[in-house]
Amino acid sequence: MKLYFSPFACSLAARIAIYEAKLDCEFVRVNLNKKVTESGIDFWTITDKGKVSALALDSGRVLTENPAVLQYIADQAAPGSLIPVEDREDRYEVISWLSFVTSEIHKMGVYPLASPHFSNEMKAISNELVQRQLTLVNATLQNRDYLSGNFSIADVYLFWALTLLPKLGFPLPEALKVLPVYQERLNKRPAFRKALDEEVALAVK
Ligand SMILES: N[C@@H](CCC(=O)N[C@@H](CS)C(=O)NCC(=O)O)C(=O)O
């Protein structure tokens, strides 16, 4: 298995999930501006979306889209450790949160705030929208430690977004007091620490 990644892009969530799942994986760095891998391969030949996360399976299939990539990884882990097993109702709650994070927080918030193609006016709207979604998340986490009750890949994906937002100049509102506690809870997990430490080191290279 090979994960195409760029430091601190959303592929960081896949890296954390891979470590949580204790899977063997090769990591291939991609220059997202030039669409080329570290060894000079045209990234468009890997995925015609030109985006990470892209996970090349041993079969040769390349999976894209974070919710799919994260679910694949979770299904290779110890059953139930990163997503409830098939046929359980709460599996769909994890999928629901993955969809929420990808559409309402990642694409509505992190992506436009990080992009040079969005005007400051658009970024302000985006910031407002994402704050609204984070208020909902903060309220949810008041009664539980993790998004769907038990730890899952949805928490991994949300953690990435919460880590990125302040780095983009959009600190989390102080009123959302549960979010930093939640982040710290996740930050204590060895897989999170390992992935973050590695990407911090890679980001300065
Ligand atoms: N819908 C995609 C979005 C992936 C995405 O936006 N990736 C960003 C990094 S976080 C990217 O590769 N950006 C480069 C580009 O858009 O050219 C998913 O869920 O995986």
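Lys22 lies in the loop between α1 (11–21) and β2 (26–31); helices (H or I, at least four residues) and strands (E, at least two) are DSSP runs, numbered from the N terminus. The model is predicted, so local features need pLDDT of at least 70 and side-chain atom pairs count only at pLDDT 80 or more, whereas totals for chains, interfaces and linings use all residues. Residues are numbered from 1 along each chain as its sequence is written, and side-chain values use heavy atoms, with hydrogens and water left out.

**Backbone features**
- Most residues other than glycine have a negative phi, and most peptide bonds are trans.
- Lys22, although not a glycine, has a positive phi of about 55°.
- Val52 and Ser53 are joined by a cis peptide bond, with omega about 5°.
- Ser53 is placed in the loop between β3 (36–37) and β4 (54–56).

- Asn66 has a backbone N or O atom 2.9 Å from an oxygen atom of the ligand.
- Lys107 places a polar side-chain atom 2.9 Å from an oxygen atom of the ligand.
- On its own the ligand has 520 Å² of accessible area (Shrake-Rupley method, 1.4 Å probe), of which the protein covers 84%.

**The shell around the ligand**
- The ligand is surrounded by 14 residues (a heavy atom within 4 Å), and the closest are Lys35, Lys51, Val52, Glu65 and Tyr111.
- By class, the shell has 7 nonpolar, 3 polar and 4 charged residues; Asp, Glu, Lys and Arg count as charged, Ala, Val, Leu, Ile, Met, Phe, Trp, Tyr, Cys and Pro as nonpolar, and the others, Gly among them, as polar.
- α2 (66–76) and α3 (89–114) each supply at least two residues of the shell, and α3 gives the most, with 4 residues.
- At least three shell residues come from each of domain 1 (2–81 + 191–203) and domain 2 (89–189), with bounds from an automatic or database domain assignment.

Terms used
Polar contact = N/O pair within 3.5 Å; in protein donor to acceptor, adjacent residues only side chain to side chain.
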